[in-house]
Amino acid sequence: MKFENSLAFARTLDKSDPLKNFRKLFYIPKVKVDGKKQEAIYLCGNSLGLQPKSVEGHLKVELNDWKKLGVEGHLHGKNPWFYYHHFFSKSVSKLVGAKATEVVVMNQLTVNLNLLLISFYRPAGKRKKILVQANEFPSDYYAIEQQIKLHGLNPEECIVEVTPRKNEVTLRTEDIIAKIEEHKEELALVMFSAVNYYTGQLFEIEKIAHVCCKHKITFGVDLAHAIGNVELKLHDWNIDFATWCSYKYLNSGPGGVSGVFVHEYHAKNFELPRLAGWWGNNEETRFTMPKHFVPQPGAAGWQISNAPVLSMAAHKASLEIFDKAGMKALRKKSELLTGYLEWLLLDQEQKNKSPKEYRVITPKSKNERGCQLSIQTGKNGKQLFQKLTKAGVIADWREPDVIRVAPVPLYNTFENVFRFAQILRK
Ligand SMILES: *Cc1c(COP(=O)(O)O)cnc(C)c1O
């Protein structure tokens, strides 16, 4: 598509957007600009997604059942709490490209990562190492380091990092693969975020999975910045396990419940060590309180505690919206929306070069990114960011010099993106 740098053009794109009505399903935060209250240009859905208006209704159902039924709500509520995690299987499996039995909604992301590492990081013999990307999200890195220590091993010797080439910021697939090949005899696990939180780079997960499979290396994926953002096919790609959070692109509220994927291949491998609790036990005997743990097959067998229904109710409300919109349509709009933003940020008078004040470090190819663009600023970056905030933009700042902006296809408009680019240029 040939873009134009004008408000009228942005509005034409909004008019012909098949998903345009979804914005109305969300509360858009208001900010004061020059003393006047107005809708914020919200580009922070990669950090905390906006609240669907339907959340309150879903919460009220559970609050009412609790009020009127007390403990009876477990079996006789409108959405019986005993079975609450079942209500997500279909929607979530569609989002990650899995079978219903391969996913379960539970806990928080880093908690789940730790649980999965207990099962899937099994250092033995020469194979003790874990391969990660050099600028992995700190929480994941901490979990990995401590899991290595749990095995009495030394993280310094057991973590292999893939780093960008000199003068590059993002990773090349060929370098990731070469690193795996180099350490193939010593790797117990490759653990990768599918989308890097800082650069916004989307990795070629399928290709990495293929190499891991070839060398019988377990492959785990963190989908924090990928779920609800890009299309995923975890089952077909032969990913061993994955986890994610729901408060970023999935709009399920601060600290919202996480989920996990465990490939069918491991569904009945009850020999895998795991941490256990009654919710992972066979459902039929759960309340007969058997003395010994009999895990359910599939991802559900990794559950430990009973479902946090209030936080899950928000998740349920949000997933209904994803079911209606569909990832295919969302991704299509997202590519156009982010593509337009990227184009607007380039200096069109200077033959589409980056202006000298900033540059986009996210890969240019739509196959290598989701909706986020990371804008690397010069030395006055922090000031620039503060000016953006004053002008009504909600984005986020990452030390030392990056502004992350994520136009989310569910509720951001082409006009949002146009206005943001205008403000940035000014
Ligand atoms: C957001 C994010 C987290 C956050 O972890 P919580 O356990 O939800 O607090 C962890 N890892 C990655 C890669 C993230 O992007």
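The protein has 13 helices and 15 strands in this predicted model. Its radius of gyration is 22 Å, close to the 22 Å that the globule rule gives for 426 residues, so the protein is as compact as a globular protein of that length. Along the principal axes, the C-alpha atoms fill a box of roughly 70 × 60 × 35 Å.

**Burial and contacts**
- Buried residues make up 55% of the 426 residues of the protein.
- Among contacts in the protein with a separation of 6 or more, 70% are between residues 24 or more positions apart.

**Surface and charge**
- The protein has an accessible surface of about 20100 Å².
- Carbon and sulfur atoms contribute 53% of that accessible surface.
- The protein carries 60 positive and 45 negative charges.
- The mean position of the positive charges lies 6 Å from the mean position of the negative charges.

- Strand β1 covers residues 30–33 and strand β2 covers residues 36–39.
- The two strands run antiparallel and are joined by four bridges.
- Across the pair, Val33 stands opposite Lys36 in β2.
- Two residues lie between the strands of this hairpin.

Terms used. Residues numbered from 1 in each chain as written. Predicted model: local features only at pLDDT ≥ 70, side-chain atom pairs only at ≥ 80, totals over all residues. Heavy atoms only, no water. Rg over C-alpha atoms; globule rule 2.2 N^0.38 Å. Buried < 20%, exposed > 50% of the residue type's maximum accessible area, 1.4 Å probe, protein only. Contact = heavy atoms within 4.5 Å. Areas by Shrake-Rupley, 256 points an atom, 1.4 Å probe, with all protein chains shown as cover. Lys, Arg positive; Asp, Glu negative; His and termini not counted. Charge placed at Lys NZ, Arg CZ, Asp CG, Glu CD. Pairing = 2+ DSSP bridges.
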